[in-house]
Amino acid sequence: MSTTARHADGTPCTHRVTPSGKPTEVDCSGRHDYAATCACGGWESTGTVKAALRYSHDSHRREAERAETSRA
Ligand SMILES: [Zn+2]
Ligand SMILES: [Zn+2]
């Protein structure tokens, strides 16, 4: 799973921020949410909490594994 931090306007945030997500650079509006994608290309999600995205991705992986098993 790869996650991209985004500003409120949807542009990717590659700036350095404080551990709580506050901006440290003048041209940064702060991190609004994260866009997460799976390496398989069949899953993507957005959310403000990384841990929740990770949990959601874990469920996706379990479902994908189940689908594999039932196909075999
Ligand atoms: Zn930024
Ligand atoms: Zn996947």
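This note sets out numbered points on the fold, the sheet, the helix and selected residues of a predicted model.

1. Basis and conventions. The model is predicted, with local features requiring pLDDT of at least 70 and side-chain atom pairs counting only at pLDDT 80 or more, whereas totals for chains, interfaces and linings use all residues. Residues are numbered from 1 along each chain as its sequence is written, and chains are lettered from A and ligands numbered from 1 in the order in which they are written.

2. Confidence. Confidence is lowest in helix 1, at a mean of 93, and highest in strand 3, at 97.

3. Overall architecture. One helix and three strands make up the secondary structure of the protein chain; helices (H or I, at least four residues) and strands (E, at least two) are DSSP runs, numbered from the N terminus. Along the sequence the pattern is β-β-β-α. The radius of gyration of the protein chain is 15 Å, well over the 11 Å that the globule rule gives for 72 residues, so the chain is more spread out than a compact globule. That radius is taken over C-alpha atoms, and the globule rule is 2.2 Å times the number of residues to the power 0.38. Taken along the principal axes, the box filled by the C-alpha atoms is roughly 55 × 20 × 15 Å.

4. Of the 72 residues in the protein chain, 4% count as buried. A residue is buried if 20 or more other C-beta atoms lie within 10 Å of its own, exposed if 12 or fewer, and partly exposed in between, with C-beta atoms placed from the backbone. Among contacts with a separation of 6 or more, 31% are between residues 24 or more positions apart; two residues are in contact if their C-beta atoms, placed from the backbone, lie within 7 Å.

5. The three strands form an open sheet in the order 1-2-3, with antiparallel pairing. Strand 1 (2-6) and strand 3 stand at the edges with a single partner strand each, so one side of each is left without a neighbour in the sheet. On average, neighbouring strands of this sheet are turned by 20° against each other, direction ignored. For such angles, axes are lines fitted to C-alpha atoms, for helices over the stretch in contact, and values run from 0 to 180 degrees between N-to-C directions.

6. Strand pairing. Two strands pair if DSSP finds at least two bridges between them. Strand 1 and strand 2 are antiparallel and share five bridges; in one of these, S2 has T37 of strand 2 as its partner. Strand 2 (residues 33-37) is joined to strand 3 (residues 44-47) by four bridges, again antiparallel. Across this second pairing, Y34 stands opposite G47, A35 faces T46, and A36 has S45 as its bridge partner. The hairpin of strand 2 and strand 3 has six residues between the strands, and G41 takes a positive phi near 80° there.

7. Helix 1. This helix covers residues 50-71, a run of 22 residues, and reaches 31 Å from its first C-alpha to its last, close to the 32 Å expected at 1.5 Å a residue. The expected span is 1.5 Å times one less than the number of residues. The number of buried residues among the 22 is one, so helix 1 lies largely in the open.

8. T37. Located in strand 2, T37 is partly exposed, with 17 other C-beta atoms within 10 Å. Leaving aside neighbours within four places in sequence, T37 is in contact with S2, W43 and E44. Its C-alpha atom is separated by 12 Å from that of K50, 13 residues apart along the chain.

9. H60 and T69. Both H60 and T69 belong to helix 1. H60 is partly exposed, with 18 other C-beta atoms within 10 Å, whereas T69 is exposed, with 8. Not counting residues up to four places away in sequence, H60 touches C38 and W43. The C-alpha atoms of H60 and E25 are separated by 35 Å, at 35 residues apart along the chain. T69 and K22 are 47 residues apart in sequence and 44 Å apart in space, C-alpha to C-alpha.

Terms used
pLDDT = per-residue confidence, 0-100.
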